[in-house]
Amino acid sequence: MVISNKPLQFLLAAFVACIPFVGFANPAVDSTHVATEAVAEHHGEAAAHEKKEFNATELINSHIGDSHEFHIADWGGHPVSFYLPVILWTNNGLEVFSAEQFHHDNTGHHVVNANGQELVRYKEVIFYKDKFETLTADQKDNGAFAFDARPLDFSITKNVFSMFLSAIVLFFLFLAVARSYKKNPKAPKGIAGFLEPLVTFVRDDIARPNIGEKKYAKYMPYLLTIFFFIWINNLIGLIPFFPFSSNLTGNIYFTFVMAFITFIVTTLSGNKDYWGHIFNTPGVPVWLAPIMIPVELIGMLTKPFALMIRLFANITAGHIIILSLVSLIFIFETVAVSPISGAFVLFMSVLEMLVAALQAYVFTLLSALFIGQAVAEHDHH
């Protein structure tokens, strides 16, 4: 078994290039993790320093959403955070600075001056301050689509950081496997011995039955990549401390890209029988073609849509349930709830480990199934 790892090298290089932009929180900075400190700094309101009531919704949204920094802990009343680089293409060109300059503010109050441009951050979206002030509340909440009011954002966020991290893990993982096979191809040990059954499982139980004996080998690199990539990222999301804890596979944009890649591979692999079935469905009268062709084309799109929603919904739901159970301790503010909540959290965490592998398997299985339908010969229909 030969596993290629060269496509992952550019990800490693990109990650290393980003390291100089990363910094830790300065304890001298008078800011806290919650947005009320930023409001107090801007308006000078003493009430913002009062104890803030626990908000479960805010906790859950902050975890399942993306961010420009990792909040690690609070030390002496100050947050300790791992700040990520903010990379923007503005009206004045490229701007790169640390997310620390926003001082944890995510409400659009703290202003960052970047080369003469005033920038604010609202719900993890960076705006031009003057244009942000002209937006309605709905436009601010849907800031990702307010293209005229914000610069192009190429920042290394938590999810991007997690993607690089998982790529590095896979790189070194399979590099160790390749070296093990090079030394002892007949009886691999260690990591290679653990991963070999998984690779053969993808080959014998996913690729071969769904794509066919003659054509499955061509798609094995892609199927192995998405299986391990999704599985590793699912597991990373279950580890609740830095540098893990991001919710990459529960991000709808990530699952869209993964499903779109499967759609492109399927579409480009389609043979004449596949396209003939779409534009000239066998056994259907000619007069039904104006109806059947749009139906078949819509069917092409529903397949990747199902892939996107299934992965996104299952992973996000698991995170929300676990965080909701943890929040019960702070909502009821009683010790009696802690062991009950903790037991359910432990149970859900173990269940989510199973779901992490299951969702990687389902995504890979359906991708192989769709590819198999596109490459199947006429007598296989």
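This short talk describes the strands, helices and some individual residues of one structure.

Good morning. The structure is a predicted model, in which local features need pLDDT of at least 70, side-chain atom pairs count only at pLDDT 80 or more, and totals for chains, interfaces and linings use all residues. Residues are numbered from 1 along each chain as its sequence is written, and side-chain values use heavy atoms, with hydrogens and water left out.

Helices (H or I, at least four residues) and strands (E, at least two) are DSSP runs, numbered from the N terminus. Two strands pair if DSSP finds at least two bridges between them.

I begin with the strands. Strand S2, residues 69-75, pairs with strand S3, residues 78-83, in the antiparallel sense over six bridges. Within this pair, Glu69 stands opposite Tyr83 in S3. The hairpin of S2 and S3 has two residues between the strands, and Gly76 takes a positive phi near 65° there.

Strand S4, residues 85-90, and strand S5, residues 93-98, run antiparallel and are joined by six bridges. Thr90 has Gly93 in S5 as its bridge partner. S4 and S5 form a hairpin, with two residues between them.

Next comes an open sheet of three strands, in the order S6-S7-S8, with antiparallel pairing. Which strands stand at the edges? They are S6 (112-114) and S8 (125-128); each has a single partner strand, so one side of each is left without a neighbour in the sheet. From one strand to the next, the twist averages 40°, where axes are lines fitted to C-alpha atoms, for helices over the stretch in contact, and angles run from 0 to 180 degrees between N-to-C directions. S7, residues 117-122, is joined to S8 by four bridges, and Val120 has Phe127 in S8 as its bridge partner.

I turn to the helices. Helix H8, residues 216-238, has 23 residues and reaches 32 Å from its first C-alpha to its last, close to the 33 Å expected at 1.5 Å a residue (the expected span is 1.5 Å times one less than the number of residues). At Tyr222, H8 bends by about 30°, the bend being the angle between axes fitted to the seven residues ending there and the seven starting there. Of the 23 residues of H8, 17 are buried, so this helix is largely enclosed by the rest of the structure. Buried means under 20% relative accessible area, exposed over 50%, and partly exposed in between (1.4 Å probe, protein chains only).

The axes of H8 and helix H12, residues 337-375, come within 9 Å and cross at roughly 155°.

Finally, some individual residues. Most residues other than glycine have a negative phi, and most peptide bonds are trans. His104, in the loop between S5 and S6, has a positive phi near 70°. Is His104 buried or exposed? His104 is buried, at a relative accessible area of 4%. Lys123, in the loop between S7 and S8, also has a positive phi, of about 50°, but Lys123 counts as partly exposed at 47% relative accessibility. The peptide bond from Phe242 to Pro243 is cis, with omega near 10°, and Pro243 lies in the loop between H8 and H9. Thank you.
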